[in-house]
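Visitor: I have this one open and want to go through it with you. Start with the terms, then the fold.

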Amino acid sequence: MLKQALTQNGLVAILRGLRPQEAEAIGTVLYDAGIRVIEVPLNSPQPYDSIRLLRSLLPADCLIGAGTVLTPEQVNQVKDAGGQVIVMPHSDPVVLRAAKAAGLFLSPGVATPTEAFAALAEGADVLKMFPAEQMGPAVVKAWLAVLPAGTVLLPVGGITPDNMAPFISAGVKGFGLGSGLFKPGMSAAQVGASAEAYVAAWNKQ
């Protein structure tokens, strides 16, 4: 279902710093712009409350998850809050296994082919290439030449509407969008306009 949610435009909204009182307005504008995967990093204020609010508010075709998940205990807390996707900056197999055991979708962070193969062996649904600034489209192309057919790579870090095209040409199926999409203090209207710019850039490809 995670891959299915990404077929619309491949964009994952990373809402680092989101506060629960903003969740309804921000979630609504992101959904209206066409984004179907939303991640609340756990180093945000009261992240489980925001996850719970987003899940209760948005339609079922929008997946809600948590980012910066570092421990099995956090995996279980995300599930209890209604989260469906576990996003990690790394590929700790203990956390990967906890997420799979909990029946959640899994997007671990990888920075080398060795990490990518290991994460896939643990059941990763998609791979978060992090930080994308250090890699670039040429690395994407090289990885996809050796990774199993159908592997979904999501570059995260420094992605803007203007630099997506070379990555898409290299074969990526989506992106994680962080501070280019949402920063604490932005209004819902600003976030909505930013989301629309990303979706428009995606749709040009």
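Guide: Helices and strands here are DSSP runs, helices being H or I with at least four residues and strands being E with at least two, both numbered from the N terminus. The model is predicted, so local features need pLDDT of at least 70 and side-chain atom pairs count only at pLDDT 80 or more, while totals for chains, interfaces and linings use all residues. Residues are numbered from 1 along each chain as its sequence is written, and side-chain values use heavy atoms, with hydrogens and water left out.

Visitor: How many helices and strands does the protein chain have?

Guide: The protein chain has 9 helices and 9 strands. Its radius of gyration is 16 Å, close to the 17 Å that the globule rule gives for 205 residues, so the chain is as compact as a globular protein of that length. That radius is taken over C-alpha atoms, and the globule rule is 2.2 Å times the number of residues to the power 0.38.

Visitor: What box do the C-alpha atoms fill?

Guide: Along the principal axes, the C-alpha atoms of the protein chain fill roughly 45 × 40 × 25 Å.

Visitor: And what share of the residues is buried?

Guide: Buried residues make up 53% of the 205 in the protein chain. Buried means under 20% relative accessible area, exposed means over 50%, and partly exposed is in between, with a 1.4 Å probe and protein chains only. As for contacts (heavy atoms within 4.5 Å), residues 24 or more positions apart account for 60% of those with a separation of 6 or more.

Visitor: Now the sheet. What is the strand order?

Guide: The order is β5-β4-β3-β2-β1-β9, an open sheet of 6 strands with parallel pairing. At the edges are β5 (105-107) and β9 (175-177), each of which pairs on one side only. Two strands pair if DSSP finds at least two bridges between them.

Visitor: By what angle are neighbouring strands of this sheet turned against each other?

Guide: By 25° on average, direction ignored. Axes are lines fitted to C-alpha atoms, for helices over the stretch in contact, and angles run from 0 to 180 degrees between N-to-C directions.

Visitor: Over how many bridges do β1 and β2 pair?

Guide: Strand β1 (residues 11-14) pairs with β2 (residues 37-41) in the parallel sense over 3 bridges. Within β2, Ile38 is the residue that stands opposite Ala13.

Visitor: What about α9, which residues does it cover and what is its reach?

Guide: Helix α9 runs over residues 188-203, which is 16 residues. From first C-alpha to last it reaches 22 Å, close to the expected 22 Å at 1.5 Å a residue; the expected span is 1.5 Å times one less than the number of residues.

Visitor: Which residues of α9 are buried, and what covers them?

Guide: Among the buried residues of α9 are Val191, Ala195, Tyr198 and Trp202. The cover includes β1, α2 (20-33), α8 (164-170) and β9.

Visitor: Change of topic. How many salt bridges does a search of the whole structure find?

Guide: The search finds 5, a salt bridge being a side-chain nitrogen of Lys or Arg within 4 Å of a carboxyl oxygen of Asp or Glu. One of them joins Arg52 to Asp49, with the closest N and O atoms 3.3 Å apart. The two are 3 residues apart in helix α3 (residues 47-57), so about one helical turn separates them.

Visitor: Which side chain meets Lys100 in a salt bridge?

Guide: Asp125 does, at 3.6 Å from N to O. Asp125 lies in the loop between α6 (113-121) and β7 (127-129), and Lys100 in helix α5 (residues 93-101), so the pair ties together parts 25 residues apart in sequence.

Visitor: And what does Arg19 pair with?

Guide: Arg19 forms a salt bridge with Glu22, closest N and O atoms 3.5 Å apart. Arg19 is partly exposed at 40% relative accessibility, whereas Glu22 is buried at 12%.

Visitor: Backbone next. Where is the cis peptide bond?

Guide: The cis bond joins Phe130 and Pro131, with omega about -5°. Pro131 is in the loop between β7 and α7 (137-146).

Visitor: What is phi at Gln46 and at Thr68?

Guide: Gln46 has a positive phi of about 45° without being a glycine, and Thr68, also not a glycine, has a positive phi near 55°. Gln46 lies in the loop between β2 and α3 and is partly exposed at 49%. Thr68 sits in the loop between β3 (63-67) and α4 (72-80) and is buried at 17%.
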